[in-house]
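Good morning, everyone. Please bring up the structure on your screens, and we will walk through it together.

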Protein chains: 2
Amino acid sequence: MAERDFIARRLAPIATSPAARGLADDAAVWTPPLGRDLVFTHDVLAAGVHYLPDDPPGDVAWKLLAVNLSDLAAMAATPAGVLLGLAGPADAAWRDAFTAGLARALDHFGVALWGGDTVGGLAAHVLGLTAIGWVEPGRALGRAGAQPGDALWVSGTIGDAGLGLAVAQARAPFDEVLLNRFRRPTPRLALGRALGGVATAGLDVSDGLLIDAQRLAAASGVALAIDLAAVPLGRPAANRDDLLARVTAGDDYELLFTAPAGVDVAALAGKTAVTRIGTVSAGAGLSLRLASTPIALPDRLGWEHG
Amino acid sequence: MAERDFIARRLAPIATSPAARGLADDAAVWTPPLGRDLVFTHDVLAAGVHYLPDDPPGDVAWKLLAVNLSDLAAMAATPAGVLLGLAGPADAAWRDAFTAGLARALDHFGVALWGGDTVGGLAAHVLGLTAIGWVEPGRALGRAGAQPGDALWVSGTIGDAGLGLAVAQARAPFDEVLLNRFRRPTPRLALGRALGGVATAGLDVSDGLLIDAQRLAAASGVALAIDLAAVPLGRPAANRDDLLARVTAGDDYELLFTAPAGVDVAALAGKTAVTRIGTVSAGAGLSLRLASTPIALPDRLGWEHG
């Protein structure tokens, strides 16, 4: 199937928003909600780098959308539409499964496909997605802004996606829950929206809790202290090394954020579980403890791929 | 250089717009101009498909930006910002030249780099760019809308980029002008803006004048008749086959558009050359003539890659 046929037969039927103009024009046209700021992110997933080449194509589509929506969530934004860049082999079966999965994921998150581009004839897939969302003016979250005295919070649980990667690589026994945490992350959109204008700083945990915490500390110009005993794990850790592996594994797509100590974060978060895992103080850098015992930072805090 | 270092050292210095937030956050935040519609496009350039792997990286950056801005021009939009997806080998020299070229191109067109993503460690480059622009409400152009009685126009000249590709592939003698038409196309932004609300339909000539004309005819539900003798060529054609090669070569990034017969398109276009090359009538499909002689459509009307 030629690229234009693929677009007409597989992508146009799921691009039902008026903004997409049936994927028949050179670009999408959207009337933004009045008086809002717009939020834009573009993340790339490459086969063999961000996912395993034999991961189910529908799960790859889910992850591509989810990691971009997670960036919007981290900025307290509400997603509206996406543009897809699908480059790789013109493998009809893979593309059909990918497209079907993308349609399900878009529907699940209530997001519209507005446009994009496809390229066939390449050796491996490189998938780009641009997500566009909106936020009330002045309420976008950022990594800078944490203040001494704030508390440090994280949503959901940490470390399961890393265990899921081990399952996907057949380094660990099959476990569907863990595998899904790796392949089908959940962007914390409702929590992100609730944090806008309340949290002082935030980001999503993509490369590892510790490395992302270090980045938040650096951007805010503060010191962060994390109590590893407080970090919510999906599965219990066997020992300290195991615990350190969980908090440096990445791919969690939970929100890590700071809020003034007096804010009732659990009430704000509603149905999303949130856990207080540390404190913000004047200074710089990241420090760890396990209950009352100081712990040295491990050499590797997370993924450095980008 | 790790991806994050590359972003901090090479991309952040050219991402000076406040919307980019220093490339330090998970997403860009932009306050759109009040009361405008927004226009979004995402085009991918893959090494070996859309450009030659040994093309100068600065020219590749120019082309990546230009082809996306050309899509905005075709919709009558004014560009505001872009997001970059840079995936390929972590080749520092290539990336430095690409980034320097991108900075020059962004500056030339007055467009801001808002964000994006980079991936290293891949065998070949796959470059994605999302361009965001705005248009007065209701003035976006599209491919549908041409009316019987309209005239068909094209900007600039056609066919030079195809000759430039032959130069780049060493199938023709060195010619810098032609090479630049292939490697450094000029998006017709001023013309596109002037056509908003005036032209009835339009698109940019990316895959070949004939195939793109056929697409406009199909989207508008009209018949287009083109006089090949009227098509403005950069270099004279040697014979009819040569002429047909020019109008099916593509990569011109000129605007092909329809306007009511009474509109003074040349006055609207200002400094941009425009030529009337055909007519719109009731019916379907594309027909060709050479002055008064009907010409059969060639088997191949242009590129079908997407």
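Let's start with a loop. In chain B, A76(B) sits between helix 2 (57-74) and strand 3 (78-87). Keep in mind that this is a predicted model.

What is the phi of A76(B) near? It is near 70°, a positive value, and the residue is not glycine. Why point that out? Because most residues other than glycine have a negative phi.

Is A76(B) buried or exposed? It is buried, because 29 other C-beta atoms lie within 10 Å. The cut-off for buried is 20 or more.

Now go to chain A. A170(A) also has a positive phi without being glycine, near 60°. Look for A170(A) in the loop between helix 4 (160-168) and helix 5 (176-183). A170(A) has 8 C-beta neighbours inside 10 Å, so it counts as exposed. The limit for exposed is 12 or fewer.

Next, the domains. Chain A splits into domain 1 (3-135) and domain 2 (151-295). Their C-alpha centres lie 27 Å apart. Where they touch, domain 1 of chain A puts in 17 residues, and domain 2 of chain A puts in 20 residues. On the domain 1 side, helix 2 (57-74) and strand 3 (78-87) of chain A each supply at least two residues. Which element gives the most to that side? Helix 2 of chain A does, with 10 residues. By class, that side of domain 1 has 11 nonpolar, two polar and four charged residues.

Now the two chains. A rotation of 180° superposes chain A on chain B, with 0.0 Å of shift along the axis and an RMSD of 0.0 Å. The copies are therefore related as by a two-fold rotation axis.

How many residues does each chain bring to the contact? Chain A brings 54 residues, and chain B brings 54 residues. Several elements of chain A supply at least two residues each, among them helix 1 (3-11) and strand 7 (201-204). Strand 2 of chain A has the largest share, nine residues. The classes on the chain A side are 29 nonpolar, 13 polar and 12 charged residues. And 100% of the interface residues of chain A are also interface residues in chain B, so the copies meet through the same surface.

One last stop. Strand 1 of chain A pairs with strand 2 (residues 37-46) of chain B. The sense is antiparallel, over three bridges. Find V29(A): its bridge partner in strand 2 of chain B is V39(B).

Conventions: Residues are numbered from 1 along each chain as its sequence is written. Chains are lettered from A and ligands numbered from 1 in the order in which they are written. This is a predicted model: local features need pLDDT of at least 70, side-chain atom pairs count only at pLDDT 80 or more; totals for chains, interfaces and linings use all residues. Helices (H or I, at least four residues) and strands (E, at least two) are DSSP runs, numbered from the N terminus. Domain bounds come from an automatic or database domain assignment. Two residues are in contact if their C-beta atoms, placed from the backbone, lie within 7 Å. Ala, Val, Leu, Ile, Met, Phe, Trp, Tyr, Cys and Pro count as nonpolar, Asp, Glu, Lys and Arg as charged, and the others, Gly among them, as polar. Copies are superposed by least squares on the C-alpha atoms of residues with pLDDT of at least 70 in both. Two strands pair if DSSP finds at least two bridges between them.
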